[in-house]
Amino acid sequence: MADPVFYGVGVPRGDGRPALVLPGLFANDFYLQPMHSWLGRIGYRPVPSTFWLNAGCPERLTGQAQEALERRERASHLVILGSPVGGMMRFRWGNASSAPSTPSRRLGEASSRARNLLDPDCDAPDCGCAFFPDLRAPLNWRTKVVSVYSRDDPIVPAWSCQIPGAENIEVRGTHSGLAFNGAVYRALAEQLSSG
């Protein structure tokens, strides 16, 4: 918190656009409150995800996030911090032998157990819901995708965060620390002000 970036010093100002902030797996909006406050300080309107816990059926969570955002206007940027979305996009669902062997595999298994508890009727990815095909579908050309990751992350490997066609930004730091990392805030301010 000693870094001037947390107070909006030396970063481009926002234009009042909404910024939907989604927490990572097993987290909620409370964890991201410093980022919400910072986005407000630099001129954006932070939109909470309304997740009490980011776990469970991916289709239900996607609908909940869309509902939170649609109360305002569409997003111009999709910013992802330390998320294995790139790896998920390349993974062939339904073929367990093609699953990458990574340190985050146990986290994926924990996610599946939580989904079974929170949404027992959800059989993702075998349910046929739109979440997994949508993950591979191109976004609107006006939506800029930014993935911020760290090679120092012991939970989510850097290769799985890199998304083809996105602005992939590498910073130093830990997985959970990305939400509080001054280098991440600088990159976000720059990326949000462009496009």
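A surface patch here joins nonpolar side chains within 5 Å of each other, taken from residues with over 30% relative accessible area and no salt bridge. Keep in mind that this is a predicted model.

**Stop 1: the patch**

Select Met-1, Tyr-7 and Val-9. Together they make a nonpolar surface patch of about 370 Å². Met-1 sits in the segment before strand S1, which spans 18–21. Is Met-1 buried or exposed? Met-1 is exposed, because its relative accessible area is 62% and the cut-off for exposed is over 50%.

**Stop 2**

Select Asp-15 and Arg-17. Their side chains form a salt bridge, with N and O 2.8 Å apart. Asp-15 is exposed, at 57% relative accessible area. How many salt bridges are there in the model? The count is 5. Two others are next.

**Stop 3: Glu-170 and Arg-151**

Select Glu-170 and Arg-151. This pair is a salt bridge too, and its closest N and O atoms are 3.1 Å apart. Glu-170 belongs to strand S5 (residues 167–171), while Arg-151 is in the loop between strand S4 (144–150) and helix H6 (158–161). The pair links distant parts of the chain, 19 residues apart. Colour by accessibility if you can. Glu-170 is partly exposed at 39%, and Arg-151 is exposed at 53%.

**Stop 4: Arg-172 and Asp-152**

Select Arg-172 and Asp-152. Here the salt bridge has an N to O distance of 2.7 Å. Arg-172 is in the loop between S5 and helix H7 (182–193), and Asp-152 is in the loop between S4 and H6, so the pair ties together parts 20 residues apart in sequence. Arg-172 is exposed, with 64% relative accessibility. Asp-152 is partly exposed, with 34%.

**Stop 5: the largest core**

Hide the surface and go inside. Select Trp-38, Leu-39, Val-184 and Tyr-185. These residues have the most contacts inside the largest nonpolar core, which holds 23 residues. Which elements give two or more residues to this core? They are S1, helix H1 (33–41), S4, S5 and H7. H7 provides the largest share, 6 residues.

Zoom in on Val-184. Leaving aside residues up to four places away in sequence, Val-184 touches Leu-81, Val-148, Val-171 and Leu-178.

**Stop 6: the second core**

Last, select Val-85, Phe-131, Phe-132 and Leu-135. They are among the 12 residues of a second, separate core.

Definitions and conventions:
Residues numbered from 1 in each chain as written. Predicted model: local features only at pLDDT ≥ 70, side-chain atom pairs only at ≥ 80, totals over all residues. Heavy atoms only, no water. Patch = residues over 30% accessible without salt bridge, like charges linked within 9 Å, V, L, I, M, F, W, Y side chains within 5 Å. Areas by Shrake-Rupley, 256 points an atom, 1.4 Å probe, with all protein chains shown as cover. Salt bridge = Lys/Arg side-chain N within 4 Å of Asp/Glu carboxyl O. Helix = DSSP H or I, 4+ residues; strand = E, 2+ residues; numbered from the N terminus. Buried < 20%, exposed > 50% of the residue type's maximum accessible area, 1.4 Å probe, protein only. Core = buried A, V, L, I, M, F, W, Y, C linked by side-chain atoms within 4.5 Å. Contact = heavy atoms within 4.5 Å.
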